[in-house]
Amino acid sequence: MSNQQAAVIVVGAGPTGLLLAGDLAESGVEVIVLERRGAELSNLSRAFGVHARTLEMLDARGLADELLAYGGARLGGIRLFNRVSLHLADLETRFPYLLMTPQYNVEEVLQKRALGAGARIVHDAEVTGVDQADGKVTVHTGAGDFQAAYVVGADGVGSAVRKAIGMPYPGEAVLKSIMLADVKLTDPPEHSPAITGSHGAFCFIASFGDEYWRVFAWNSEDQKADDDPIDLEEIKEATRRTFGTDFGMHDARWISRFHSDERQVPSYRDGDVFLAGDAAHCHSPAGGQGMNTGLQDAANLSWKLAAVLNGAPEALLDTYDAERHPVGKMVLTTSGAMIRLAAARSRVGGAIGGIAAGAALRFKPIASRAMGMISGIGIHYGHEHGDHRLVGRRQADVDLADGSRLYERLRGGRFVVLDSAVDDPRAVAAASAEPDGLIRVVRPDGYIGWAGEDDPRAIAAHLDAHAGRS
Ligand SMILES: Cc1cc2nc3c(=O)[nH]c(=O)nc-3n(C[C@H](O)[C@H](O)[C@H](O)COP(=O)(O)OP(=O)(O)OC[C@H]3O[C@@H](n4cnc5c(N)ncnc54)[C@H](O)[C@@H]3O)c2cc1C
């Protein structure tokens, strides 16, 4: 292949594109990442929370400990409207918390791994067009044309790939003039994160675990365009209205105003072009799910691309949209509900919004469902008629009989069969330390692909359709 050709081109070196490129490269797929920015990493953090399921996925790549080593607060609960707490500590995972760490730390870890595995990142390469013909996709950039069998647009909310393939991005603005600041506090709040609203405003505040705090604030009486100048005093005012104090905010290292859109493409696939992350969906920052959802899109798509390039049937690629589109839709709904609830709470001023939310969330099944969705631990995919009911469910990490863990054995984009007797070169065979008699094929993204009694032919057929040749 020339240096302008690869099996897969990923457009955008944000978190979504970097995870995808690293996975492909680790699976031996030749991959080029086209990025319009220069080589320097951003020091502005949009996302600041890494949820439990994302940490599990990083663990399945040997990256969770690296990210945790940066430090960062580990939040075991979320305090809502001063009256109800959601307990992440109850989640059944090695990571029962929300890790507060800036997006640039996540990008640094993912970029290092992608480059180490052999992905090529071309900087200063702004994509301006995409054409599909004769089983090839050509990507036009200021740095020349590039060609690949498959292209993934992970180029963010303004995606040039999405526009080039004519994919609509329907939706609407949910809330305008949301203010953001990363600040130091003289008198920090007792709980982090905390969210509340009253007197026509709402405010969310959370510690990064170092001296900085992230504040989101919205004030119905202070509505401006995104590019209007913004002053820390406006954020202090909204915070005083809601919490009764501005916590002594000072030394803002970042301050900005933005609007929150809720949009999703109708399909994540058009021929040999796929969309992932913000290019496919965007929503309110409430719940901190944007980056997490994009990373999980990437984890769902990467092994499927690698398998199809390795001879698995093309139809496997359709399952990316089938599995991830409903998740994107659910995230739009939950994050939209949260921000609307905050806005409603700000209007009623007193207790009503909080009482309604509190009453619902004090009912344990609702609270644990909400936590499962926000953390990603409760997300699962559907299964075909006739499949075992566990197919599509997340397989939690388990200890293996040889002293290792399942998520360690998934590393490198491997399938794991939870049964030491199965002998197939396309999967690692590993016995659980506490076998329950049920054999499971765990996909590289940690979901159950097949489950049943001992049936070597069915397992081989599953791997033919999902892993390709040996
Ligand atoms: C204020 C704010 C706070 C947020 N807080 C959170 C949070 O707490 N938790 C959370 O999970 N999410 C949060 N998000 C959302 C999160 O930042 C995004 O969901 C995440 O960055 C999406 O990652 P991505 O890789 O899909 O896209 P991006 O991070 O946008 O990356 C896209 C990349 O593509 C490149 N690119 C764009 N166009 C082109 C082109 N034409 N050619 C080549 N390259 C191109 C860009 O330079 C960029 O590097 C927040 C967002 C905002 C705005």
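1. Arg240 counts as partly exposed, because its relative accessibility is 31%; the classes are buried for under 20% relative accessible area, exposed for over 50% and partly exposed in between (1.4 Å probe, protein chains only). The side chain of Arg240 meets that of Asp246 in a salt bridge, with 2.7 Å from N to O. A salt bridge here is a side-chain nitrogen of Lys or Arg within 4 Å of a carboxyl oxygen of Asp or Glu. Asp246 is buried, with a relative accessible area of 15%.

2. A note on the basis of these values is in order. The model is predicted, so local features need pLDDT of at least 70 and side-chain atom pairs count only at pLDDT 80 or more, whereas totals for chains, interfaces and linings use all residues. Residues are numbered from 1 along each chain as its sequence is written, and side-chain values use heavy atoms, with hydrogens and water left out.

3. Arg426 takes part in two of the salt bridges described here, one with Asp424 at 2.9 Å between the closest N and O atoms and one with Asp464 at 2.6 Å, N to O. Arg426 lies in the loop between strand S20 (415-417) and strand S21 (427-429), and Asp464 lies in helix H12 (residues 456-467), so this pair ties together parts that are 38 residues apart in sequence. Helices (H or I, at least four residues) and strands (E, at least two) are DSSP runs, numbered from the N terminus. Arg426 is buried at 16% relative accessibility, as is Asp424 at 13%, while Asp464 is partly exposed at 43%.

4. The search of the whole structure finds 36 salt bridges. Bridges that share partners join Asp59, Arg94, Asp397, Arg405, Glu408 and Arg411 into one network.

5. The protein chain is divided into domain 1 (5-48 + 102-170 + 265-328), domain 2 (171-262) and domain 3 (381-470); these bounds come from an automatic or database domain assignment. The centres of domain 1 and domain 3, taken over C-alpha atoms, are 27 Å apart. Their contact (heavy atoms within 4.5 Å) takes 15 residues from domain 1 and 12 residues from domain 3.

6. About 1100 Å² is buried between domain 1 and domain 3, and carbon and sulfur atoms give 51% of that area. Buried area is the accessible area (1.4 Å probe) that two parts lose on being put together, summed over both. Trp303, Asn310 and Glu323 supply 50% of what domain 1 buries against domain 3, more than any other three residues.

7. Which residues form a salt bridge with a distance of 3.0 Å, N to O? The side chains of Arg443 and Glu323 do. Between domain 1 and domain 3 the count is one salt bridge.

8. Ser177 is found in strand S12 (residues 171-185) and counts as buried, because its relative accessibility is 0%. A polar atom of the Ser177 side chain lies 3.3 Å from the backbone oxygen of Asp222. Not counting residues up to four places away in sequence, Ser177 touches several residues, among them Ala217, Trp218 and Phe258.

9. Pro15 belongs to helix H1 (residues 15-26) and is buried, with a relative accessible area of 8%. Residues that Pro15 touches, not counting those up to four places away in sequence, include Leu110, Met291 and Leu295. The C-alpha atoms of Pro15 and Gly156 are separated by 9.9 Å, although these residues are 141 residues apart along the chain.

Definitions and conventions. Polar contact = N/O pair within 3.5 Å; in protein donor to acceptor, adjacent residues only side chain to side chain.
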